[in-house]
Amino acid sequence: MTRKQKRLSVIAGGLAFLGAATGLTFYALGQKASYFYMPADLTTASLQPGQRIRLGGLVEKGSLQRGQGTTVAFSVTDKQKDVKVTYTGILPDLFREGQGVITEGSFGADGVFVADSVLAKHDENYMPKEVADSLKAKGVWEESKSE
């Protein structure tokens, strides 16, 4: 093998390695993806049982119910449809009714969304971008409310 052929084989091997690493990275990231939905979007979505999603909207007023220990139940709404959510864990300090929230989890067999994480707005001027954009598109959220 000549010097030029050795150099080309090393370059080809390196490119093959980089290609395989890139492919495996994209495959792994695709497996961890959780898609964002608003409650009204769920009527047209085709979700697999146990599929992880992110559910966002406003915490419906009067829907917060505390259970035993750290279990809470509440409804997430986009003013068109609402979804019942259960969560076991410590809620963020600023979690309250009428505020924007994103929950991550999956639907149980009874149709209730079982969240394993809850993200609430972190100050008075913030609404999660995904939630704000979806609510603005539906005409529910107005910019003046967030100022």
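Strands β4 (residues 71-77) and β5 (residues 82-88) are antiparallel and are joined by 7 bridges. The model is a predicted one. Within this pairing, Ser-75 lies opposite Lys-84 of β5. The two strands make a hairpin with 4 residues between them, and Lys-79 in its turn has a positive phi of about 70°.

- The covered face of β5 consists of Val-83, Val-85 and Tyr-87, while Asp-82, Lys-84, Thr-86 and Thr-88 make up the uncovered one.
- In a regular strand, side chains alternate between the two faces of the sheet.
- Besides its pairing with β4, β5 pairs in the parallel sense with strand β7 (residues 113-120) over 3 bridges.
- Thr-86, on the uncovered face of β5, has Val-114 in β7 as its bridge partner.

**Strand β2 and its neighbours**

- Strand β2 (residues 53-59) is largely enclosed by the rest of the structure, because 6 of its 7 residues are buried, that is, under 20% relative accessible area.
- With strand β6 (residues 100-107), β2 pairs in the antiparallel sense over 6 bridges, and Arg-54 stands opposite Glu-104 in β6.
- Strand β1 (residues 35-37) runs parallel to β2 and is joined to it by 3 bridges; here Tyr-37 stands opposite Leu-55.
- β2 is also joined to β4, in an antiparallel arrangement with 2 bridges, where Leu-58 has Thr-77 as its bridge partner.

**Nonpolar cores**

- The largest nonpolar core contains 18 residues, and those with the most contacts inside it are Leu-55, Phe-74, Val-85, Tyr-87, Phe-95, Phe-113 and Val-118.
- Elements giving two or more residues to this core are β2, β4, β5 and β7, and β7 supplies the largest share, with 4 residues.
- Apart from this core lies another one, of 5 residues, which include Leu-58, Ile-102, Val-131 and Leu-135.
- Leaving aside residues up to four places away in sequence, Phe-95 touches Val-59, Leu-64, Phe-74, Val-101, Val-118 and Ala-120.

**Aromatic pairs**

- A pair of aromatic rings is described by the distance of the centres and the angle of the planes.
- The count of aromatic pairs is 2; in one of them, Phe-107 and Phe-113 have ring centres 5.2 Å apart and planes at 75°, so the pair is edge-to-face, as planes over 60 degrees apart count as such.

**Chain as a whole**

- The protein chain holds 2 helices and 7 strands, in the order α-β-β-β-β-β-β-β-α from the N terminus on.
- Of its 147 residues, 31% count as buried.
- Among contacts between residues at least 6 apart in sequence, 52% join residues at least 24 apart.
- The accessible surface of the chain is about 9,600 Å², and 55% of that belongs to carbon and sulfur atoms.

Notes
Residues are numbered from 1 along each chain as its sequence is written. This is a predicted model: local features need pLDDT of at least 70, side-chain atom pairs count only at pLDDT 80 or more; totals for chains, interfaces and linings use all residues. Side-chain values use heavy atoms; hydrogens and water are left out. Buried means under 20% relative accessible area, exposed over 50%, partly exposed in between (1.4 Å probe, protein chains only). Contact means heavy atoms within 4.5 Å. Accessible areas come from the Shrake-Rupley method with a 1.4 Å probe; for residues, only the protein chains shown count as cover. Two strands pair if DSSP finds at least two bridges between them. Rings of Phe, Tyr and Trp (its six-membered ring) pair if their centres lie within 6.5 Å; planes under 30 degrees apart count as stacked, over 60 as edge-to-face and the rest as tilted. A nonpolar core is a set of buried Ala, Val, Leu, Ile, Met, Phe, Trp, Tyr and Cys residues joined through side-chain atoms within 4.5 Å.
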